[in-house]
Structure formats: C-alpha cells, structure tokens
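Dear colleague,

I am passing on a structure that I have been looking through, and I would be glad if you kept it open beside this message. My notes follow below it.

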Amino acid sequence: MLLGDLLDDPRMGLTLLTGGERLDRVVRGVYITDLIDPRRYLQGGELVLSGLVWHRDPSDSEEFAASLADAGVAGLVAGTARLGKAPADLVRACARHGVPLFELSVNVSFNTLFEHVLGAVRNERTPGRDLVTDVAAGADLPRVLAAAAAELGTDCWVCSAVGAVVAEHGRLPPSDRRTLVREFLRAERLPRTVLTDSGRAYVLWPVSSGTESRAARWFLVLPGDQADRAREAVGNELATAVALLRSRLDEGRQVSGRPVGTALRALLEGSVGSREVASRLAEAGLPTEGALCVVALATGGRSESAADVLREIAAATGLPSVTAPMETGALAVFGEHVDAPVELAGLAGWLRATLGELEYGPFWLGVSVGVSDLADPSGLRGAVEEARYTRRLAEQREGRCGIATAEDLVSQQVLLSAVPDELRNSYRQRLLGGLLAYDRSHQSDLVNTLRTFLECSGSWSRCAQLLHVHVNTLRYRIRRVEEITGRDLGDFPTRVDFYLALQISG
C-alpha cells in the first residue's frame, strides 16, 4: 500500500498538509501513539496516528517530527479531536524533516483508519510474517509466540537473565534452561548457537529493549542451529515483537512503582507511617492482608538499572510485588500468593540460588541483595530498614553477587555496615596500615598470621599447625605484630579491634 492510495480513498477522510512529493512511500505498518518520542516502538515504514496529546509548544512539534524522521516512518496522520486542527508549527516541522503529514476528519475514527491500513498491509505481506503488526494491534506475548511457533513449525521460548522462562510455547528442560542462561550471561554477541549437555542445540536471539543491565534483559530461544537461514527472518521479527512487548511492560511497571517509591522515601524520612504506605501498596495491586517481605538490591550503577534487575527477579518469583528505585539501588515489597512457585517464607533461599546463577555473568556484573524478615503492614518501616542494612552487609561479602538476610543481623558485620565507608577505611588503616606496609616491603606474612591467630582464638598450637610453621616462629611473628602496631595481643579488647579491622575489605 502507498500513501497515495490512502489519500485517494474518500472513506479515510484524509487531507494532505505537507509532503505531496512523497506519496509514493510504501506503508509497511500502522502505529497509534501519543508519545513525543515513539522511536523505540517503530521499525520504519509505519503510518503513525497521533491525537497530539504531547503538543504544548512549537518545540514539541520539532522533537516529534525529528523522531519520526529518524525512525523512517512512511507518514503521520494528525487527529483533530483535541486541538481542532493540526498546529501550523507541526506542519512546518514535518516539512523540514520530510515527514508527509495528513489531517484526519472528525467524522473518521483512528480505529477505522487503523483497521483499514492493518488489513491492507497484512494482505500484501508474506503469510504468517505479521508478528510486529500483531503487537501493534494488541497481541500479548503468548499469542505472538504461538504465531511464531506455527510459522517455524517448532517450539520457542522467551527467557530472562535471572533464570526465568518469561513465556513459552512448549517445554524447555530445566537443565537446558540453566545452561542457556549461563551462556547468555557470558555471550559477547548474539545470535549464537549453544549445544547443551543433553545434546540439544538452541539459538539465542537478542531482545533489544534498551535495558542497560544485562542481568535485566530477556532473550529469545529457538531450537536448531544458527546456520538455518530459513528461520532467520522469523527469528528477527519475533525478537523485535518481543522487544516491543517488553518496552510496554517496563513502562507499566515504572508507572506503578512511582507512587510506591515516593511513599517509601517518605516512610524512611519519618513523614508518613507504615500503614499509609501499605495503603499505597494496596492501590498498586499488592495484597497487604498477610505478611510482607522487603528486598533491597544494588548493582553499583544507576538506581533505575537496579530497579530493572529487581523487577525481573520479582517477576520470576510469581509473588505479587511492587518495585521502586531509591537513592541507592532499589526496593521491592513482596506479598503472599498461594499459587506462586515461590513461597514468601522461602524467598531468601530462592534469591540465593538465583544470585548463584548470576555469578556466571561477566566480571563487571555485581549485585548485592538484602532481605528482611517477614512483617505485617504495621511493621513495614522496620522491614525496609532491615532490607537496607542487610544489603549493605551483603555488599561487603566476598563474591560479585552477595546476599544477606535478617538472620545475619546478629553478626558484628552489622555494626561495620552501619559505619560510613570513609570511617571504616580510616579505622582499618590506623590498625593495619603499619603491618600492610611492612608485609609489602619485606615480603612477609604478618597480616595473614594475625588473621589466622585470631580465628584460632589465640591457640598457639592450632594456629602454628594451620600456618605450617613452628610455634616459636609463630611467637616471633606475633611479637613483631605487637612491636609494629604498639598493641598487646594478650589484651582481649585489642584482639576484638584487630578482628573487626580485618573484616573490612581494603
């Protein structure tokens, strides 16, 4: 279908405002939007329909027209219900950017035009190759996967980097799924073929949704080999359709999380109470009649990136939840659900297993998670504080993906995690700085000797055995530690001071 065909059809009620020299453009799809920058939903060749809700001043027209031109759309149809007519600044902006602009009569609805264009485009396309158009028409993920599976003649799946099967057509064996997730986390480039231990071959396709953190991404899985070029076009289109659906889902998640994030920040500041925040959670769809659990997560990057990862993890549990970005990382509040694959009481264990899988990711992928104890809505503030403190505790543990729970709050690490980084580092340097410098200059092992001695509760024989040295050698080393630091290791408080300093990573 050409733009000129639409203009020539009086039933469509279109009036050309600019771009008459481009009426030979081919229309490959149709999309309705009121976003000022809809590029990520566009593939090129679409007829875009807009009610101009985004329009406030001429600069908005410039931004909107530039985004459409950059996306390579076929043309724009402006509705007149809101403003009465297309603004003159929009006409000028479209002319500058080479975007044909039509005005739609008030006697014709967007739905009439949409269905007409959609039907014409489908009739001209290769049978079955209409996945992106289906998404534009409102198809959900299961329907899109079913259509792709019918065309491919095989099963297909959408998985997340946190190990969940987001949607499936057919059964993906759990052992294969774990292998595919690990390979996706390691992969530098996609698509790629992966052979699992079961002997099955799969192709991993990227789902590009603009999410920055790899731990929050989705990927498409198709059986077979990448060399099968007959499936390449369908795979590309399916990945594009899934990316569009993912973008819509992300927008909905962010919208529901905003008021909750505001309420949680106010809760921490003390300006609102736990029950008021619980009412906000209920408005966001979280059942608050039973127990709640709070999870804090940080990735070392932007809070939005942490929120993206935590939303994916939360979705994989099947538990009702609301996630919101915070000043540091993100928080999620979980409720109970009898049919969820994960029980609320077992959430910490499930999270620990999931983070174990993320350890297979690239070296730069680091996640720290804190989990509160179960609480009722009146104790929400305490649960939020628990999650935040345990998250800081997890950050100080070994490994790139750490987790701590409320049960860990009896450890001395709780005290260290509550102290600012600058003060912790100063404390460590004052106690251990001389020993560290001595070890560097003399290639000695005094710091490790001190650590082992304290872990053995001051037992000379056991410590000497672990270090594989004579007891007299150990006594000499401990004496050197005392001389360099000026502290007496026979004094119990001194031992505590050194033990705490050794728990702080340098």
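**The largest pocket**

The residues that line the largest pocket fall into 8 nonpolar, 1 polar and 7 charged. Please bear in mind from the start that this is a predicted model. The pocket holds about 370 Å³ of space, and of its 16 lining residues, the closest to the centre are Leu268, Met326, Glu327, Thr328 and Arg388. Two or more lining residues come from each of helix H8 (232-269), S11, S13 and helix H12 (380-395), and the element that gives the most is H12, with 5 residues.

How do H8 and H12 lie relative to each other? Their axes come within 10 Å and cross at roughly 90 degrees, and the two helices are therefore roughly perpendicular to each other. On the H8 side the contact is made by Leu264, Leu267 and Leu268, while H12 brings Leu380, Arg381, Val384, Glu385 and Arg388.

S11 and S13 belong to an open sheet of 5 strands, whose order is S12-S13-S11-S14-S15 and whose pairing is mixed. Strand S12 (321-325) and strand S15 (401-405) stand at the edges with a single partner strand each, so one side of each has no neighbour in the sheet. On average, and with direction ignored, neighbouring strands here are turned by 15 degrees against each other. As background, strands of a sheet pair through backbone hydrogen bonds, and they do so either parallel or antiparallel. Strand S14 (residues 367-371) and S15 run parallel and are joined by 5 bridges; as one example to look up, valine 369 has isoleucine 403 in S15 as its bridge partner. Helix H11 (residues 347-358) packs on this sheet, where it touches strand S11 (293-298), strand S13 (330-334), S14 and S15, and its direction makes about 170 degrees with that of S15.

**Another open sheet**

An open sheet of 5 strands is also found with the order S1-S5-S4-S3-S2, and here too the pairing is mixed. Which strands form its edges? They are strand S1 (14-18) and strand S2 (29-32), each of which pairs on one side only. From one strand to the next, the twist averages 25 degrees. Within this sheet, strand S4 (residues 75-78) and strand S5 (residues 101-104) pair in the parallel sense over 3 bridges, and the partner of alanine 78 in S5 is glutamate 103.

**A further helix pair**

Finally, please look at helix H16 (residues 460-467) and helix H17 (residues 471-485), whose axes come within 9 Å and cross at roughly 100 degrees, which means that H16 is roughly perpendicular to H17. In H16, the residues Trp460, Ser461, Cys463, Ala464 and Leu467 meet Val471, Leu474, Arg475, Arg477 and Ile478 in H17. The residues of this contact divide into 7 nonpolar, 1 polar and 2 charged.

With best wishes

Key: Residues numbered from 1 in each chain as written. Predicted model: local features only at pLDDT ≥ 70, side-chain atom pairs only at ≥ 80, totals over all residues. Heavy atoms only, no water. Pairing = 2+ DSSP bridges. Helix = DSSP H or I, 4+ residues; strand = E, 2+ residues; numbered from the N terminus. Axes fitted to C-alpha atoms, helices over the stretch in contact; angles between N-to-C directions. Contact = heavy atoms within 4.5 Å. Parallel < 35°, antiparallel > 145°, perpendicular 65-115°, else oblique. Nonpolar A, V, L, I, M, F, W, Y, C, P; charged D, E, K, R; others polar. 1 Å grid on protein atoms, 1.4 Å probe; cavity = no way out; pocket = protein on both sides within 12 Å on 5 of 7 lines; lining within 4 Å. Points joined across faces, edges and corners; volume = space filled by probe spheres on them.
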